[in-house]
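Visitor: I'm new here. Could you walk me through this one?
Guide: Happy to. Have a look first, then ask away.

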Amino acid sequence: MSGYFLGLDVGSISSKAVILNDREIVASAVVPSGTNHAVASSSVRAALLEKAGLQIQDIKAGTFTGMGNRNPGTDAFAGIMMCNARGSHFTFPSTRTVIDIGGQGSQLITVDQAGQVINFNVSGMCATGSARLLQVVARIMQISLDEIGLLSMKATRPSSFSTSCSVFLETEVITRISQGDSPQDILAGIHGTIAEKIGSMAASVAIQDDVVIIGGGALDAGLVANIGQKLGTKVLVPENPRLIAALGAAVISRERYTAN
Amino acid sequence: MLDHCIGKVTDTEMKKGISDFFFTGVDIGSTMSKAALIDAGGTMRAYVVGPTGAEHRRRANRIMEDVLRQAGLMLDDVAWIVSTGYGRVNVPFADKQITELTCHARGVASLFPDVRTAIDIGGQDAKALKIKDGRLTDFLTNDKCAAGTGRFLEVAAETLGLSLDEMASISLQSDNPVKISNICTIFAQQEIIGRISDGQALPDILAGVYIAIASRVAKLARQLKVEPPVVFTGGVAKSAGMVKAMEIALGMPLLVPPEPLITGALGAAALARDHALELMQRGEFKLHKKQLAEAIFDYGGDKN
């Protein structure tokens with residue numbers, strides 16, 4: 001069976017798209033979502049096809065997830081959780097738990113051996129369980145998001161915070177800075193706060209190894225280490241953790257096409 | 001009537017009768033500090049309100065000086081001082097610290113003796129109190145999440161470049177409030193920016209912000225079963241737009257004191273008076289010589 005299968009994920013911050021053939025990823029693209037999700041979904045699709053050197057007619061099936069508008073000609077819809085589960089399972093067949101730390105919240109999904117969703121828990125619309133808190137803190141501390149992970153791993157005495165609300169944490173981080181806490185200790189403390197939130201989500205879902213962390217938050221090595229510690233387990237991170245939902249959508253496209 | 005008790009007080013300065021004394025409550029809140037001064041009959045003689053800032057102890061001293069000046073009294077005229085609020089430990093001249101819930105209940109009941117439910121929205125928390133016969137019977141608070149607190153309003157005001165007063169008056173022009181679907185303040189801020197770029201009218205966005213806070217606090221209050229009369233206090237109650245949103249969310253009229261910020265301080269003063277009278281009746285009252293200036297210089301030993 002030959003052909004190309006498309007997956008599209010329009011997230012709150014960036015839009016991602018992946019093309020899969022019968023074996024592997026052929027091409028991927030990421031563009032900022034901006035303020036118009038319909039525009040974002042068509043521009044990431046165009047960018048991807050150009051990168052892959054393909055025409056829309058070459059795509060056998062497409063699946064769309066996230067917040068944009070699907071192209072009625074090609075795309076079916078699949079829920080984000082199902083896409084995260086299938087994408088993680090495609091990357092690591094041993095996946096049994098997926099933790100997605102995105103810009104708008106987190107979700108924790110348990111999957112079976114075939115990568116089908118068994119159970120899940122979502123953080124709700126609270127910035128603390130999301131990568132958004134990292135953005136807020138990075139802004140106050142005037143460092144880039146990419147620096148947070150490595151810097152935090154140099155912490156000697158992680159700061160402790162009295163609140164878990166991102167808005168109140170913003171104030172408390174400033175207080176800690178004025179009290180002389182080092183940037184690495186503050187960042188490690190923030191990671192601890194997020195890990196705590198993930199840990200409380202995990203408490204009501206029976207998590208199993210292997211645990212895979214995806215989404216923008218997975219790019220932060222300090223956060224990943226903290227979550228692993230909190231859950232008392234080793235965690236796997238895909239090479240490009242932000243692409244997993246789009247990859248999962250492409251996997252679903254291929255499954256749907258094969259099933260027909 | 002309690003003059004006979006005074007004889008047992010050893011301090012020679014304590015030759016005055018109870019009716020010559022005054023009582024003060026000092027409420028150091030997260031955002032605003034307040035002080036209220038009452039006389040022996042329980043009537044308020046003076047109050048002051050000012051921003052807390054980062055230096056609680058200095059603020060406590062200043063607000064005490066201000067309330068005394070306003071009442072035309074000396075510190076020695078004050079028999080008993082109760083501190084309350086988030087910064088109550090930083091009031092070195094207080095005779096006693098009492099939690100803000102107890103003080104709020106007492107303060108609200110002193111203004112509205114029939115009160116059954118009190119809702120207080122402060123700078124970084126919200127409380128719902130059930131009160132019966134002037135006593136606190138049950139309560140719920142939210143201080144874990146900025147949604148449903150004054151902080152949410154501050155973030156919205158900052159995002160829109162408005163003062164809190166401007167927000168309140170502009171919101172009243174709304175006839176079609178925008179729905180703010182995010183609960184989290186950080187995400188709501190993003191949503192407000194989105195609404196502006198969508199071209200929604202400013203009064204409608206502002207009314208939507210008040211409705212978002214009101215529905216969050218109403219949800220908290222409903223867990224306690226809201227019974228009228230309901231009194232609405234705290235800095236957020238100063239905004240007419242907020243009062244309107246809160247009345248709609250609860251489906252009943254609200255009583256708002258003329259100065260909704262000072263109920264905690266007023267309750268602290270009333271409790272100071274209750275406490276001092278009780279001690280006097282037992283003959284155990286002792287007047288401590290209070291000092292403000294020393295505390296101010298003390299402060300210099302702190303950080304900075």
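Guide: Let's begin with a sheet in chain B: 5 strands form an open sheet in the order β3-β2-β1-β4-β5, with mixed pairing. It's a predicted model, where local features need pLDDT of at least 70 and side-chain atom pairs count only at pLDDT 80 or more, while totals for chains, interfaces and linings use all residues. Residues are numbered from 1 along each chain as its sequence is written, chains are lettered from A and ligands numbered from 1 in the order in which they are written, and side-chain values use heavy atoms, leaving out hydrogens and water.

Visitor: What makes β3 and β5 of chain B edge strands?
Guide: β3 (44-51) and β5 (96-97) of chain B each have a single partner strand, so one side of each has no neighbour in the sheet. Strands here are DSSP runs of E with at least two residues, and helices are runs of H or I with at least four, numbered from the N terminus.

Visitor: How do you know that strand β4 of chain B pairs with β5(B)?
Guide: Two strands pair if DSSP finds at least two bridges between them. Strand β4 (residues 78-84) of chain B has 2 bridges to β5(B), so the two count as paired, and they run parallel. In one bridge, B:Ser83 has B:Gln97 as its partner in β5(B).

Visitor: Why are chain A and chain B said to be in contact?
Guide: Contact means heavy atoms within 4.5 Å. By that rule, 15 residues of chain A touch 14 residues of chain B.

Visitor: What is the buried area between chain A and chain B?
Guide: Buried area is the accessible area (1.4 Å probe) that two parts lose on being put together, summed over both. For chain A and chain B that comes to about 1200 Å², with 63% of it on carbon and sulfur atoms. A:Met125, A:Val167 and A:Phe168 supply 46% of what chain A buries against chain B, more than any other three residues.

Visitor: How many salt bridges does the rule find across the interface of chain A and chain B?
Guide: The rule asks for a side-chain nitrogen of Lys or Arg within 4 Å of a carboxyl oxygen of Asp or Glu. Between chain A and chain B it finds 0.

Visitor: Which element gives the most to the side of chain A that touches chain B?
Guide: That's α5(A), with 4 residues.
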